[in-house]
Amino acid sequence: MSNPRQQQAAGSVCMRVSDLTVVLADSGEAIVKGISFELKAGRIFALVGESGSGKSVTSLAAMRLLPDALKISAGSVDVEGTDLFALSEARMQEIRGRKVAMIFQNAMSALNPVQTVGAQVAETLKLHTALRGNALRQRVVTLFTEVGIPDPEQRFGFFPHQLSGGQQQRVMIAMALACEPDVLIADEPTTALDVTIQLQVLNLIRELTRSRQLAVLLITHDMGVVRNTADEVAVMYRGELIEQASVDAFFHNPQQAYSRKLIDSLPDLGHFRASAVEEPLLELRDVQVHFPIRKGLLQRAVDYTRAVDGVSLAIGRGETFALVGESGSGKSTLGRAILNLEDIAGGEVLFRGEPIQGIGRSAMLPYRKQIQVIFQNPFSSMNPRMTVGDIIAEGMISLGLALSEEARNARIHELLERVQLGTEHARRYPHEFSGGQLQRVAIARALAVNPELIICDEPTSALDVSIRAEVLELLAELQREFGVSYLFITHDLSIVPTLAHKVGVMQLGKLVEQGSAEQILTAPQHPYTQALLAAVPRLED
Amino acid sequence: MFAYIVRRLLYAIPILIGVNLLTFTLFFVVNSPDDMAVSQLGDKYVTPEAIENWKQKNGYDKPLFLNPDAAGAARLTETIFFDKSVRLFAFDFGRSESGRDITSDVATRMWPSLAVALPTFIVGIGVNICVALMVVMFHGTRLDRGAVFLFVALMSISYLFYIIGGQFLVAKTWRLVPISGFHAEGQVWKFLILPVLVGVVAGIGAGARWYRTLFLEEANQDYVRTARAKGCSELTILFRHILPNALIPILTGVVVLIPSLFMGSLLIESFFGIPGLGSYMLDAINSQDFAIVRSMVFIGSILYILGLILTDISYTWADPRVRLS
Amino acid sequence: MKPVILWSDALIYLLVIALACFFYQLRKDPQTRERWAEVFSSRLGMVTFTVIAAYIAVALLDSLHFRRALDNPEGVAVEEVFYDNKVTSVFDLLTGGMGERFERTYSAPFALISFEKENLKDARGNDIRDYPPLRHAGQHLADPSQHAADILGKTLTALLWGLLLSALLIGPQWLLLRRSRYPWHYSWMVQAMIFCGGVWMVSLSRYYHILGTDLGGADVLYQSLKGIRTGVLLGTLATLIMLPIAVTLGVMAGYFKGWVDDVVQYLYTTLSSIPGILLIAASVLLFQVYIDLNPDFFAVGMEKADAKFIALCFILGVTSWSTLCRLIRAETLKISQLGYVQAAHAFGVSHTRILARHVLPNVVHIILITFVLDFSALVLAEAVLSYIGVGVDPSMGSWGNMINGARSELSREPTIWWTLTGAFFFMFALVLAANLFSDLVRDAFDPRTSLRRVEA
């Protein structure tokens, strides 16, 4: 990617945050600890950090939009010589939306569901300008055109739910830019979007930064976003700014070990795992899963949503097959179908050559020992009322392994140690663990019955990047040790190189392309794969 | 939409059949017509002939479900079940145990009921929303906490005390309106003010507290933060963003009650002597007139099902996200 | 003395034991323990819980029934012991015979004379029409002018005794719980107030009718106190009866879906479409007819009243399960989509085991919230039902019956306000405490509210 940033003259300072400190209102514990930075016109300043680092709190504090439980205890936010913290609430309302505007993570919930999007953008204009009537409407339509909403005249009267996720975020941007603010604060603006849409929205933000000489504060946890979009970057860790630099300097020479770790989470598209040639353990032949669409007086199924539409693939022993696709592509449904948790409408699922689709509950039991699963959300995949020990033991008991209690406990302890947890954790409850630890428990639970295949349904997407790497490393280690195969379902192509031997790309229920990891990532054939790949941020330019 | 309503109406049929079977079982199987005759006649006059007479007079001298003596369709129609239950579907309510025509009674009595229930309903919702909005404006302050405590306290007072208290203060001590009664001609409003007032006041505690929760739930939504980031004032946010969204659950929560307003209120009507369906039911219960009770159960069920359908329709009307299918 | 165990007595003690076991089980679950800790670490939680506990204690004491042995007629030595036809409870003993001091008719609180004039003979034997003195009030006074001073003096003595009793009872608690992190001192304050109030009532009721008497001359305070058992039992037993139906059907519908769900939905839509009060009224009336036709089932009048009471609880329970069932069905639907149930399926865990270990424990909070919320609603409903004439038996003391009997008397001059006041106060205190407590329980256990707190 060419880099026009160097040619831009460093803009004037539009917002100066100095010594900002935010504390919990009741305990006084500091969440943000005296941080300072400047936003300059025409520049994107990225504030990076993992969940709980205080980056979102910083952005809300700058707008004085903190929830009641938090309060600003020190510092100032200077915009054009006025300290925002010294203003009355009424004066602050004049600043918000006109001088400083903000866009949020989840556009669907950030837009008022019962107001048309046109009216919502118009409201900002009504608050801060004298525009009314037709002129107002024209202005909104112009804005919609500028942010790339198709059919702006018509979309004016749409409700948020009638727009796609990308379009909703574009409406948010139009709303934020309506009164031509100097500063734009974007809080994880693309996290909820699919990767291809993500790229488009980021490009839009970058273009607008240039064309309107905006000063942008971009809050994100994604180093790829930083790499592709930002001019300057600051790393936030436990409420403190630990490093601040220009993007190039930062990626080439990070000063802190933690920054290094964040950068390492970016994919290295140079090294791949060679595809092992083995006889297939699991084979899918033209698998189809349909959900009925019911209509009419008697609610008869008139048609089917083809969630999985004729997928064929094979996974060898000790091999990892990454199934990549965006939300709604049917990849998770396929995983559930293999587990016999979803009815298969057509095709065959062969495990070691034996068909297992649609077999009865008890006939399936022996296969349950061999095919296991790890889910995306570690918090909802553990019963909050059972101890970790009981959770791991559940499968062993139900599948009739390790029947004596001592044997079982010994096995639980062994498994916990294997996934780098302590044996004392067996007596604890899920809510006492972090997401990363819980995902380790989930791995231990799956391993408990000695499976040959584990279906990993987005096991790392709910985790912070630094933890993600650890969990992926653990999975790779276990594969080497036990020779277990993985069907790895993910939306994130960037984790594929370190993990997968083979890759399949799913779109709208169909497997559009499959092959070895190297083949797919270096020479993608299908345009959709190419689009996915183009959206993946990478270290080397 | 049309197909949806038709389907809901069809679904109402098995429910009404269920209601009828249940009431029929309660009234005729648990207690046989003989038992009813004994309890209606009183212990003194119980002779087999008297029982037979009573049964014949009131139409209980047929078999329950199947009449073996009759021929053809009459085997089914010449039964108590057909007489007392199936006819309800044709809105033929028959006669009460005391010989009055139930259908015409219902037709005349529903208007006084409505005259009390409808204003109570509308004014009540308005008052509750206003009170809740005022409290929400002071959210997080001592005033808010005090108001919530007051709501809970108001909820903890029995409805009976609201009525008794209202009659004692407004009608007896201050002599502003008559204690009870209802004259259709002339100054009806004089008789309506107190029952409506009592109904509204009694509902404030629970209503305003519920609406407050709904408002606060909406106030925690992301779009409220967006509105703030736009520069909206708190009042604008409350009235332009929170209120329209919170009205959806409020509306759909109360719409189910609208058809049932015809049924009136048992307590209000009996205390204030209003000749509506509420007092009709109460009199029927007290005189153990099961024919009336049965008819009212049937009417009540129909109105409730109607309310459910109206609720669904109101959803599509109030919430752009909802489409019926 | 011969103990009498009424059905409702047995049930309420069973319930208490069940609840004790339930809470003992819960101790093992740290999350639930944490939430209860949240409820009890607030002052309001402590205060309201103590008030509710006091009501329950009275209800339990009033549920230990027996029949007194009658003294044998003098000189007659018979083997057989005869028992009083009247059933007494331990609570009656504790009140010191408050309920046995009848007047002729109405009398105002602390009054010395009756409310209505009667034909009397004066000292000289002339017929006059005047207010007769009460039989059980102020007999010890030499001179009516000492009235106020006597009340004050007796009150002070009673309060002193009350404080002494409180000290005796709270002392051990203090020793045990002084290091606890919960605000127990608020509970102790309420306890002290209740003990003092109790001692005051019992000691003064021996000389006066604290809340006057009703039409039949019965002590209003005693009736109000007897209403406690009815209210508390109705509030708990009706929910108890409803729980198994609602939970079983709700969980089955939400878990198995398909036709099971259709059937359950049909059942609760049908049931909730019938106007509740009519269904209850009809059921109660039918049961009444049944009792009237079979009078020989019951040995004493109290048993008949009790059977009617149990039937009322049963009817209220059976007619009110649809709301809880709906909630549990929705929650089960949600839970069965969650990762841990899916994982259990992937391990081939059986349906019964999934229901018992994964689904049921995670809907308990709904059951709990419903239990406390319904309690106050049922206490209020009792009054309304008794007014309509389908409530508890008139022979059984209840606030609804008291209101029903006294509502028309407000129009008299001077107003007879005390019966209503007694019922109002005792009912209001219980319902208010229960409502406030249930708010706290809901705040602590409802995942929606607790989630909000975490985010903030």
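A salt bridge is taken here as a side-chain nitrogen of Lys or Arg within 4 Å of a carboxyl oxygen of Asp or Glu. Across the interface of chain C and chain B, one salt bridge is found by this rule. The model is a predicted one, in which local features need pLDDT of at least 70 and side-chain atom pairs count only at pLDDT 80 or more, while totals for chains, interfaces and linings use all residues. Residues are numbered from 1 along each chain as its sequence is written, chains are lettered from A in the order in which they are written, and side-chain values use heavy atoms, with hydrogens and water left out.

The side chains of B:R209 and C:D439 form a salt bridge, at 2.6 Å from N to O. Between chain C and chain B, five residue pairs are in polar contact, both residues being at pLDDT 80 or more; a polar contact is a pair of N or O atoms within 3.5 Å, and within protein one must be able to donate a hydrogen and the other to accept it, with residues adjacent in sequence counted only if both atoms are side-chain atoms. On the side of chain C that touches chain B, 30 residues are nonpolar, nine polar and eight charged.

With contact defined as heavy atoms within 4.5 Å, 47 residues of chain C and 46 residues of chain B take part. The area buried between the two chains is about 4,200 Å², and carbon and sulfur atoms give 75% of this area. Buried area is the accessible area (1.4 Å probe) that two parts lose on being put together, summed over both. C:L278, C:L286 and C:Y387 supply 15% of the area that chain C buries against chain B, more than any other three residues.

The structure also holds six cavities of 30 Å³ or more. A cavity is a set of points on a 1 Å grid over the protein atoms alone where a 1.4 Å probe fits but cannot get out, and lining residues have an atom within 4 Å of a point. The largest cavity has a volume of about 70 Å³, a volume being the space filled by probe spheres set on the points, which are joined across faces, edges and corners. Residues of chain A and chain B line the largest cavity, among them A:F104, A:M172, B:T226 and B:K230. By class, this lining has seven nonpolar, three polar and one charged residues.

Over all chains, the count comes to 45 salt bridges. In chain A, the side chains of A:E458 and A:K331 meet in a salt bridge at 3.5 Å, N to O.

Methods: Ala, Val, Leu, Ile, Met, Phe, Trp, Tyr, Cys and Pro count as nonpolar, Asp, Glu, Lys and Arg as charged, and the others, Gly among them, as polar. On a 1 Å grid over the protein atoms alone, a cavity is a set of points where a 1.4 Å probe fits but cannot get out, and a pocket is an open set with protein on both sides within 12 Å along at least five of seven lines; lining residues have an atom within 4 Å of a point.
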